[in-house]
Amino acid sequence: MSDYAAFDRYVEEHMPAWTEELAEICRFPSEAVNRQALRDNAAWVADRLRRLGDDVEVDVVTIDGEDVAPLVLGEVGCAPGIGPSLVAVQHYDVQPAVPLELWTTPPYEPQIR
């Protein structure tokens, strides 16, 4: 039988840091029209991957000469260009926060309830 207690302890010990990290990324006002927030969000993700030893680059996708969105590219667990790669594509834009009067707390300021 597996020792789930060790797993439970690991999760309990790390949950505060994981929760804060999730709150950090939720603080980016990365609406599609806010190009700087999108770039900042991508840089945040790239930094987290680099901390894990990942070889990461951030590129900006353009369409018809206009910046559309940043893209984070990296290889995890293998030498660049060799072996299996993990490819994950996410979007960083969120729904607009308006109308603001419908919020019970400020958007982009996560709260645990």
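**Ground rules**

I number residues from 1 along each chain as its sequence is written, and I work with heavy atoms for side-chain values, leaving out hydrogens and water. Since the model is predicted, local features need pLDDT of at least 70 and side-chain atom pairs count only at pLDDT 80 or more, while totals for chains, interfaces and linings use all residues.

**Entry 1: the core**

I started with the inside. Which residues make up the largest nonpolar core? I found 9 residues: Phe28, Leu38, Ala42, Trp44, Val45, Ala46, Val56, Val72 and Tyr92. A nonpolar core here is a set of buried Ala, Val, Leu, Ile, Met, Phe, Trp, Tyr and Cys residues joined through side-chain atoms within 4.5 Å. I call a residue buried under 20% relative accessible area, exposed over 50%, and partly exposed in between (1.4 Å probe, protein chains only).

Helix α2, residues 35–51, supplies the largest share of this core, 5 residues. Helices in my notes are DSSP runs (H or I, at least four residues), strands are runs of E (at least two), and both are numbered from the N terminus. A reminder to myself: in soluble globular proteins, nonpolar side chains tend to be buried together.

**Entry 2: Tyr92 and Asn41**

Setting aside residues up to four places away in sequence, Tyr92 touches Ser30, Leu38, Asn41, Ala42, Val45, Pro70 and Val72. Contact means heavy atoms within 4.5 Å.

Is Asn41 buried or exposed? Asn41 counts as buried because its relative accessibility is 3%.

**Entry 3: charged pairs**

How many salt bridges does the structure hold? I noted 6 salt bridges. Each is a side-chain nitrogen of Lys or Arg within 4 Å of a carboxyl oxygen of Asp or Glu.

One of them joins Glu20 and Arg27, with the closest N and O atoms 3.1 Å apart. Glu20 is partly exposed at 37% relative accessible area, and Arg27 is partly exposed at 31%.

Arg48 lies in helix α2 and is buried, with a relative accessible area of 14%. The side chains of Glu21 and Arg48 form a salt bridge at 3.1 Å, N to O. This pair links distant parts of the chain, with Glu21 in helix α1 (residues 4–26) and Arg48 in helix α2, 27 residues apart. Glu24 forms a salt bridge with Arg48 too, the closest N and O atoms being 2.5 Å apart. Here the link again runs from helix α1 to helix α2, across 24 residues. Glu21 is partly exposed at 30%, and Glu24 is partly exposed at 27%.

I also saw a polar contact of 3.2 Å between the side chains of Arg48 and Asp47. Glu21, Glu24, Asp47, Arg48 and Arg51 are linked in a network of salt bridges.

**Entry 4: helix α1**

Where does α1 bend? It bends by about 45 degrees at Met15, and a proline, Pro16, follows within four residues. The bend at a residue is the angle between axes fitted to the seven residues ending there and the seven starting there. At the start of α1, a side-chain oxygen of Asp3 reaches to within 3.1 Å of the backbone nitrogen of Ala5.

**Entry 5: rings**

Last, I looked for aromatic pairs and noted 2 of them. Rings of Phe, Tyr and Trp (its six-membered ring) pair if their centres lie within 6.5 Å; planes under 30 degrees apart count as stacked, over 60 as edge-to-face and the rest as tilted.

Tyr10 and Trp18 form a tilted pair, 6.0 Å centre to centre with 55 degrees between the planes. Tyr10 is partly exposed at 44% relative accessibility, and Trp18 is partly exposed at 37%.

The ring centres of Phe28 and Trp44 are 6.4 Å apart and the planes are at 70 degrees, so this pair is edge-to-face. Phe28 lies in the loop between α1 and α2 and Trp44 in helix α2, so the pair ties together parts 16 residues apart in sequence. Phe28 is buried at 15% relative accessibility, and Trp44 is buried at 15%.

How values were computed. A polar contact is a pair of N or O atoms within 3.5 Å; within protein, one must be able to donate a hydrogen and the other to accept it, and residues adjacent in sequence count only if both atoms are side-chain atoms.
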